[in-house]
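Hello,

Here is the structure we spoke about. My notes follow below it.

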Amino acid sequence: MEAKIVLLPGDGIGPEIINQAERVLEQIAARFGHRFHLERHLIGGIAIDQTGSPLPPETVAACHTSSAVLLGAVGGPKWDDPNAAVRPEQGLLGIRKELQLFANLRPIVTFAELVDASPLKRDVVEGTDILFFRELTGGIYFGDSGSGVVDGVESAFQTMAYSVPEVERIVRLAAEAAKGRRNHLVSVDKANVLEPSRLWRRVAQRVMSEEFPEVRFEVLLVDAMAMHLISRPRDFDVVVTSNLFGDILTDEASMLPGSLGMLPSASVGSAGPGLFEPIHGSAPDIAGKGIANPLATLLASAMMLRYSLHLETEAVAVETAVRDVLAAGLRTADIARGATTVNTVQMTDAVLAKLTA
Ligand code: IPM
Ligand code: MG
């Protein structure tokens, strides 16, 4: 296979971890006889500094003509003013919208070796394996907004809206995924209060009963879900929810395995390139020190191989190599809990060694 892959290192530890993903992708290409054309482009704070825009047109154009996009992280203290007119996060929201990546897949998987790093007890969390589908291009994040003085009082607003097709397409994707897993889907909303949630629930229930009667389906209110995620995380298989609720619940869920540095995510649309990234942020406190955990980004590369390039064997090879290095006891500082640590490059060296073994 020949494929163009756009790398968007971004800010903070982004460049360090993307460098490691590049090494692993080259190794995969060599071992399985593919040609990957890896092209770097600007996004986020570094793009603001160099071009004035968090998402320069060249970046968008390159992504459109690629097979897949691999992103590091965006943002940092330098660009942190939430009132600034131009912010790194706009680059991320912009590329999601440009590529119409309406579904964000966030797998929350516990690694047996790391469970003791979880803030929850082993007997609650061990074996947790949840796949979140977060709607990514609609809802309140993209609704009408504004601010001004109303009746002499300073005010601001942001609208939440969903349409039937927006709900249908993500529910279908999530239901398909459930069929290939433990056949259980939970849809999360706030239908007791919010009008778009009532639409969401109605559409989800119809799609599930008409098209996926064999999938066990439940609905939960988002506040209750926030509790259940902590008290009985193992009971969830696939979860589908809106943009805002998905943003919050996946951050909550990311704490379950005890290792944010291990979690990848994939954003996909119905056609065109997908975008793959670690769940963690740009970690400015450790940027440039060479100690960041590269594994989430390597697992994001595996998701890219699977979902955008349809290279399942290659994806599994990367995932297996990551599991193997953990089993062999290698730990970066974030997951060390007192054990001896390796740095970013050493961790990747170990993954590469497993890949060639
Ligand atoms: C995420 C992040 C982004 C989001 C921010 C950086 C805009 O929190 O990917 O979850 O809210 O989508
Ligand atoms: Mg978030």
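Is K289 buried or exposed? K289 is exposed, as its relative accessible area is 54%. The cut-offs are these: buried means under 20% relative accessible area, exposed over 50%, and partly exposed in between, with a 1.4 Å probe and protein chains only.

Some ground rules first. This is a predicted model, in which local features need pLDDT of at least 70 and side-chain atom pairs count only at pLDDT 80 or more, while totals for chains, interfaces and linings use all residues. Residues are numbered from 1 along each chain as its sequence is written, chains are lettered from A and ligands numbered from 1 in the order in which they are written, and side-chain values use heavy atoms, with hydrogens and water left out.

Back to K289. It sits in the loop between strand 12 (274-278) and helix 10. Helices (H or I, at least four residues) and strands (E, at least two) are DSSP runs, numbered from the N terminus. K289 is 276 residues from I13 along the chain, yet their C-alpha atoms are separated by 8.6 Å.

Helix 10

Helix 10 covers residues 295-307. How far apart are its end C-alpha atoms? They are 18 Å apart, which agrees with the 18 Å that 13 residues should span at 1.5 Å a residue. The expected span is 1.5 Å times one less than the number of residues. The helix is mostly covered, with 12 of its 13 residues buried. Among the buried ones are L295, L298, L299, M303, M304 and L305. T297, S301 and R306 are also buried. As a reminder, an α-helix has 3.6 residues a turn, so residues three or four places apart point the same way.

Ligand 1

Which residues surround ligand 1? They are E89, R96, R106, R134, Y141 and D247. Near here means that a heavy atom of the residue lies within 4 Å of the molecule. An oxygen atom of the ligand is 2.6 Å from an N or O atom in the side chain of R96. For R106, the distance from a ligand oxygen to a side-chain N or O atom is 2.9 Å. For D247 it is 2.9 Å as well. Taken alone, ligand 1 exposes 320 Å², and the protein buries 73% of that. These areas come from the Shrake-Rupley method with a 1.4 Å probe.

The space taken by ligand 1 is the largest pocket. On a 1 Å grid over the protein atoms alone, a pocket is an open set of points where a 1.4 Å probe fits, with protein on both sides within 12 Å along at least five of seven lines. A molecule sits in a pocket if more than half of its atoms lie within 2 Å of its grid points.

Positive phi

Two residues other than glycine deserve a look. Q100 has a phi near 50 degrees. Q100 is in the loop between helix 4 (88-98) and strand 4 (103-109), and is exposed at a relative accessible area of 55%. N183 has a phi near 65 degrees. N183 is in the loop between helix 6 (164-179) and strand 8 (184-189), and counts as partly exposed at 26%.

Other positions

T241 belongs to strand 10 (residues 238-241). T241 is buried, at 0% relative accessibility. Its C-alpha atom is 9.6 Å from that of S197, 44 residues away along the chain.

H228 is in helix 8 (residues 222-231). H228 counts as buried because its relative accessible area is 19%. H228 and G45 are 183 residues apart in sequence and 37 Å apart in space, C-alpha to C-alpha.

V86 lies in the loop between strand 3 (68-73) and helix 4. V86 is partly exposed, at 36%. V86 and V193 are 107 residues apart in sequence, with 33 Å between their C-alpha atoms.

Best wishes

Terms used:
A polar contact is a pair of N or O atoms within 3.5 Å; within protein, one must be able to donate a hydrogen and the other to accept it, and residues adjacent in sequence count only if both atoms are side-chain atoms. On a 1 Å grid over the protein atoms alone, a cavity is a set of points where a 1.4 Å probe fits but cannot get out, and a pocket is an open set with protein on both sides within 12 Å along at least five of seven lines; lining residues have an atom within 4 Å of a point.
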